[in-house]
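This report goes through a structure one region at a time. Please keep the sequence and the 3D view at hand while reading.

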Amino acid sequence: MSAVAVVPGSFDPITLGHLDVIERAARLFDEVYVVVVHNPDKPGGLFSADERVAVIEKAVADAGLPANVKVDSFGSGLLADYCTRLGATALVKGLRSQTDVVYETPMAIVNEHLAGVETVFLLPRPANAQVSSTLVRQVIGLGGDVSPYVPAAVLEAVGSR
Ligand code: PNS
């Protein structure tokens with residue numbers, strides 16, 4: 001039986017930290033689904049869900065990630081149910097800080113309780129330890145250079161607006 005994992009998130013936009021987690025997840029699991037999830041706590045983003053999927057697909061291809069990485073999205077419903085439909089037994093997330101621990105712990109417990117889906121946390125590489133989509137959106141909004149924090153696909157998508 002193949003081990004399937006989901007890397008979920010808002011990905012608005014995908015960062016180099018996300019990409020690193022996806023790449024490492026692809027080495028740990030047979031199949032990895034990168035899933036853009038609508039997070040109602042983060043309304044009004046930089047990119048639409050479809051744009052985020054397109055940018056992630058480009059970033060994954062540019063990075064030469066293996067074919068076991070697929071990109072998908074869903075707008076509403078439980079992530080645990082999505083995992084069950086897919087046959088995914090694990091979620092993979094990056095854990096940068098104590099704030100992330102506080103944010104992620106209840107979700108990990110609930111997802112395990114709802115569907116038996118385990119959450120695997122990967123620690124960031126030092127270069128990505130402080131990178132967040134929120135920070136990237138702020139810097140873009142203020143006209144700053146985010147090239148150290150995001151894949152080229154994000155820069156292209158921002159530039160083509
Ligand atoms: O990148 P984010 O916004 O921090 O990702 C959070 C996300 C989308 C993974 C989380 O909000 C989520 O899992 N949403 C799906 C709805 C759901 O299943 N809620 C119960 C979570 S325990």
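With a relative accessible area of 16%, S10 is buried, where buried means under 20% relative accessible area, exposed means over 50%, and partly exposed lies in between (1.4 Å probe, protein chains only). The model is a predicted one, in which local features need pLDDT of at least 70 and side-chain atom pairs count only at pLDDT 80 or more, whereas totals for chains, interfaces and linings use all residues. Residues are numbered from 1 along each chain as its sequence is written, and side-chain values use heavy atoms, with hydrogens and water left out.

S10 is found in the loop between strand 1 and helix 1; helices (H or I, at least four residues) and strands (E, at least two) are DSSP runs numbered from the N terminus. Leaving aside residues up to four places away in sequence, S10 touches V36, V37, N39, K42 and R52, a contact being heavy atoms within 4.5 Å. F11, which is also placed in the loop between strand 1 and helix 1, has a positive phi of about 50° although it is not a glycine, and it counts as buried at 3% relative accessibility. The loop between strand 1 and helix 1 is the place of P13 as well, and the peptide bond from D12 to P13 is cis, with omega near 0°.

## Nonpolar cores

A nonpolar core is a set of buried Ala, Val, Leu, Ile, Met, Phe, Trp, Tyr and Cys residues joined through side-chain atoms within 4.5 Å. The largest such core has 32 residues, of which V7, I14, I56 and V92 touch the most other members. At least two residues of this core come from each of several elements, among them strand 1 (4–9), helix 1 (16–28), strand 2 (31–37), helix 2 (49–62) and helix 6 (152–159). A second, separate core of 12 residues includes V35, V37, C83 and L91.

Which residues does I56 touch, not counting those up to four places away in sequence? They are F11, I14, V34, V36 and V71.

## The aromatic pair

One aromatic pair is present in the structure. The ring centres of F74 and Y82 are 5.1 Å apart and their planes stand at 15°, so the pair is stacked; by the criteria used, rings of Phe, Tyr and Trp (its six-membered ring) pair if their centres lie within 6.5 Å, and planes under 30 degrees apart count as stacked, over 60 as edge-to-face and the rest as tilted. F74 counts as buried at 11% relative accessibility, and Y82 counts as buried at 5%.

## Salt bridges

Nine salt bridges are found in a search of the whole structure, each being a side-chain nitrogen of Lys or Arg within 4 Å of a carboxyl oxygen of Asp or Glu. In one of them D20 pairs with R24, the closest N and O atoms being 2.8 Å apart, and because D20 and R24 are four residues apart in helix 1, about one helical turn separates them. D20 counts as buried at 8% relative accessibility, and R24 counts as buried at 17%.

The side chains of R161 and E51 also meet in a salt bridge (3.1 Å, N to O). R161 lies in the segment after helix 6 and E51 in helix 2, so this pair ties together parts that are 110 residues apart in sequence. R161 counts as exposed at 57% relative accessibility, whereas E51 counts as partly exposed at 34%. Within helix 2, K58 and D62 lie four residues apart, about one turn of the helix, and they form a salt bridge whose closest N and O atoms are 3.0 Å apart. K58 is partly exposed, with a relative accessible area of 35%, and D62 is partly exposed, with 47%. Salt bridges that share partners join D20, R24 and R125 into one network.

D50, found in helix 2, counts as exposed at 62% relative accessibility. Between D50 and S73 there are 23 residues of separation in sequence and 8.0 Å in space, C-alpha to C-alpha. V110 is found in helix 4 (residues 98–115) and counts as partly exposed at 43% relative accessibility.
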